[in-house]
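Please open the structure in the viewer and keep the sequence panel beside it. The stops below say what to select and what is found there.

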Amino acid sequence: MENVIIVGTGCAGLTAAIYTARANLNPLVLEGRMPGGQLTTTTAVENFPGFPDGVDGPDLIQRMHQQAEKFGSRFRYGVVEEFQPGSPHRVKVDGEWVETKALIVASGASPRYTGLEGESALIGHGLTSCATCDGAFYRNVPVCVVGGGDSACEEAGFLTRFASKVYLIHRRDELRASKIMAGRALANPKIEPVWNSVVSAYLTDDAGEVRGVRLRDTKTGAESELEVKCVFVAIGHEPNTAAFRGILGTDENGYLVQTAGTATNIPGVFAAGDVADHVYRQAITAAGQGCAAAIDAERWLASAE
Ligand code: NAP
């Protein structure tokens with residue numbers, strides 16, 4: 001029987017691990033489908049307090065991991081397949097049921113795709129959501145980024161290191177991104193914004209690789225084609241709640257609902273980070289929620305004794 005299981009090893013999960021370990025709760029931390037979470041797919045993080053010169057995303061995560069281990073957190077590779085609330089709670093991890101008194105769900109969010117026909121088959125064939133992972137494969141060729149948020153601007157900027165040209169395809173004529181990120185992207189001579197446009201189809205060559213996109217003008221409905229070797233989709237994220245759906249309360253977009261502090265509708269189950277936060281979604285706010293969830297879990301365990 002575990003005291004506390006933490007689901008996820010992004011900023012929220014690792015911070016919860018540091019705090020629960022320091023509270024002598026001997027936490028078991030489940031790495032999840034993407035160990036380290038979204039920061040592992042970013043480059044420089046410039047807004048995490050304490051790093052005036054920026055910090056590499058994977059490096060920041062690695063440091064948090066070391067810090068959690070130093071205080072006694074135990075890590076296990078695995079994904080929660082099923083969840084049974086109760087006393088104790090039970091989670092099925094890679095076919096094995098594990099019991100725990102408290103549970104902190106910090107399973108994060110995954111990149112959203114457009115849902116266009118044939119999309120999933122093209123992932124890895126000129127379609128991706130991770131510029132840091134795949135950008136270097138597209139040297140001296142034109143590529144495009146879909147989206148108008150901070151992610152899209154960040155990815156577009158990163159891709160200019162490799163690509164001959166980066167089209168930034170956005171469905172409106174104003175970026176959603178923060179002023180500093182938007183300004184930087186629009187000032188980059190290699191980035192060309194394509195306003196009021198959505199991708200209506202992916203175009204492929206005989207080998208099944210992306211060769212371009214068909215665009216639809218969101219104002220006029222006019223269709224056009226754009227030749228690119230890779231499409232980087234950066235249109236937001238979906239919360240990772242599959243194992244908890246129908247048991248833990250969610251909002252209309254599927255994010256876990258926190259009832260008081262980080263508590264969920266099930267006593268002893270807490271939620272932290274991007275799986276519950278569709279408003280702030282920053283590394284630092286996820287870390288803050290991880291800390292809060294650890295303290296909430298610790299107090300709940302003490303009161304339940
Ligand atoms: P986001 O802010 O939700 O932006 C998603 C973008 O995709 C929006 O511009 C949206 O258009 C567009 N979009 C959504 N669905 C679409 C669809 N079906 N077709 C075409 N376009 C679509 O997501 P994000 O950029 O991933 O950022 C998420 C959070 O992470 C934000 O809070 C952001 O500040 C943070 N973040 C921070 C940094 C940083 O500070 N270094 C870097 C990356 C992300 P509309 O604008 O029209 O809605």
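Select helix H5 (residues 150-159): with three residues, helix H5 contributes the most to the shell around the ligand. Helices here are DSSP runs of H or I with at least four residues, strands are runs of E with at least two, and both are numbered from the N terminus. The model is a predicted one, in which local features need pLDDT of at least 70 and side-chain atom pairs count only at pLDDT 80 or more, while totals for chains, interfaces and linings use all residues. Residues are numbered from 1 along each chain as its sequence is written, and side-chain values use heavy atoms, with hydrogens and water left out.

**The ligand and its shell**

Next, display the shell itself: 19 residues surround the ligand, and Asn47, Asp150, Ser151, Arg172 and Arg176 are the closest. The shell consists of four nonpolar, nine polar and six charged residues. In this scheme Ala, Val, Leu, Ile, Met, Phe, Trp, Tyr, Cys and Pro count as nonpolar, Asp, Glu, Lys and Arg as charged, and the others, Gly among them, as polar. Colour the chain by domain: domain 1 (2-111 + 237-304) and domain 2 (119-233) each supply at least three residues to the shell. The domain bounds come from an automatic or database domain assignment.

Which residues place a polar atom by an oxygen atom of the ligand? Select Asn47, where a polar side-chain atom lies 2.9 Å from a ligand oxygen. At Gly148 a polar backbone atom is 3.0 Å from an oxygen atom of the ligand, and at Arg281 the corresponding distance, again from a polar backbone atom, is 3.5 Å. A polar contact is a pair of N or O atoms within 3.5 Å. The protein buries 80% of the 920 Å² that the ligand exposes when taken alone; accessible areas come from the Shrake-Rupley method with a 1.4 Å probe.

**The sheet S14-S15-S16**

Move to the open sheet of three strands in the order S14-S15-S16, with antiparallel pairing. Two strands pair if DSSP finds at least two bridges between them. Strand S14 (197-204) and strand S16 (223-227) each have a single partner strand, so one side of each edge strand is left without a neighbour in the sheet.

Now select S14 together with strand S15 (residues 210-217), which pair over seven bridges in the antiparallel sense. Ser197 has Asp217 of S15 as its bridge partner, and Val198 stands opposite Arg216 in S15. Five residues lie between the strands of this hairpin, and Gly208 takes a positive phi near 80°.

**Around strand S8**

Select strand S8 (residues 96-105) with strand S1 (residues 2-7); they pair in the parallel sense over five bridges. Here Val4 stands opposite Ala102. Strand S7 (residues 89-93) also pairs with S8 over five bridges, in the antiparallel sense, and His89 has Thr100 as its bridge partner. S7 and S8 form a hairpin with two residues between them, where Asp94 in the turn has a positive phi of about 45°.

Finally, select Ser87 and Pro88, which are joined by a cis peptide bond with omega of about 10°. Pro88 is located in the loop between strand S6 (80-84) and S7. Most peptide bonds are trans.

Methods:
Near = heavy atom within 4 Å. Polar contact = N/O pair within 3.5 Å; in protein donor to acceptor, adjacent residues only side chain to side chain.
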